[in-house]
Structure formats: structure tokens, C-alpha cells
Amino acid sequence: MLCKHCKRSVSYDEMGLNKKLIRRDAEEFFCLCCLSKKLNVSEERLREKTEEYRRAGCLLFAQREKENESLDKRPLL
Ligand SMILES: [Zn+2]
């Protein structure tokens, strides 16, 4: 997926932000830089929002594996 404005490639998380902040059924996406200009907020703030949504478990953002979960699945020796 490429940014509608500058044609830079848009990451999965950035697509999630577009959906969260612009519209859920967005078909055109902006990169973080263009999104920050469009919404008049700093890129730093957008990164914070990404982490907030991720922590909340939002599926529009790449979820990191929970460390505790993998520990639990480790076979007992
Ligand atoms: Zn852009």
C-alpha cells in the first residue's frame, strides 16, 4: 500500500491509524508524515497513539507476542 499523497509505502500500523483516525473503511492511506500534516498533529503523537491502540489489543495494529504466553507453552522438563 502506498501513501496517497507522497507514494511512500505505508506500514500495517499506519494503515491502522488511518482507519482509526480518518475512517474505518478507508481505501486510501497516508503515511505517518502526511497523516500528521493532514490531522495537524505531530508524528510523535501518532506513534504514541499507535502504541496506545496496540496495548489496547486493537487488531488494526500488529500485535506483539505476549512474553508470558510463550513461557507457559514451553514444555516442562
Ligand atoms: Zn505520505
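**View 1. Asn40 in the loop between helices α2 and α3.** In this predicted model, Asn40 is found in the loop that joins α2 to α3, where helices are DSSP runs of H or I with at least four residues, strands are runs of E with at least two, and both are numbered from the N terminus. Although Asn40 is not a glycine, its phi is positive, at about 60 degrees. Most residues other than glycine have a negative phi. Residues are numbered from 1 along each chain as its sequence is written. Because the model is predicted, local features need pLDDT of at least 70 and side-chain atom pairs count only at pLDDT 80 or more, whereas totals for chains, interfaces and linings use all residues.

**View 2. Lys7 in the segment before α1.** Lys7 lies in the segment that precedes α1, and this residue, although not a glycine, has a positive phi of about 70 degrees. Lys7 is exposed, because it has 9 C-beta neighbours inside 10 Å.

**View 3. Cys34 in helix α2.** Helix α2 comprises residues 32-39 and includes Cys34, which counts as partly exposed because it has 18 C-beta neighbours inside 10 Å. Leaving aside neighbours within four places in sequence, Cys34 is in contact with Cys3, His5 and Cys6, a contact being a pair of residues whose C-beta atoms, placed from the backbone, lie within 7 Å.

**View 4. The crossing of helices α1 and α3.** The axes of α1 (residues 12-21) and α3 come within 10 Å and cross at roughly 90 degrees, each axis being a line fitted to C-alpha atoms over the stretch in contact, with angles running from 0 to 180 degrees between N-to-C directions. The two helices are therefore roughly perpendicular, a term for angles of 65 to 115 degrees, as against roughly parallel under 35, roughly antiparallel over 145 and oblique for the rest. Asp13, Gly16, Leu17 and Lys20 of α1 meet Leu46, Lys49, Thr50 and Tyr53 of α3. By class, this contact of α1 with α3 has three nonpolar, two polar and three charged residues, where Ala, Val, Leu, Ile, Met, Phe, Trp, Tyr, Cys and Pro count as nonpolar, Asp, Glu, Lys and Arg as charged, and the others, Gly among them, as polar.

**View 5. Tyr53 in helix α3.** Tyr53 lies in α3, which spans residues 43-55, and is partly exposed, with 19 other C-beta atoms within 10 Å. Apart from neighbours within four places in sequence, Tyr53 is in contact with Gly16, Lys20, Cys58, Leu60 and Phe61. The C-alpha atoms of Tyr53 and Gln63, ten residues apart along the chain, are separated by 9.9 Å.

**View 6. The largest nonpolar core.** Val10, Leu17, Phe29, Phe30, Cys31, Leu32 and Leu35 are the seven residues of the largest nonpolar core, defined as a set of buried Ala, Val, Leu, Ile, Met, Phe, Trp, Tyr and Cys residues joined through C-beta atoms within 7 Å. Not counting residues up to four places away in sequence, Val10 touches Met1, Leu2, Cys3, Met15, Phe29 and Cys31.

Methods
A residue is buried if 20 or more other C-beta atoms lie within 10 Å of its own, exposed if 12 or fewer, and partly exposed in between; C-beta atoms are placed from the backbone. Two residues are in contact if their C-beta atoms, placed from the backbone, lie within 7 Å.
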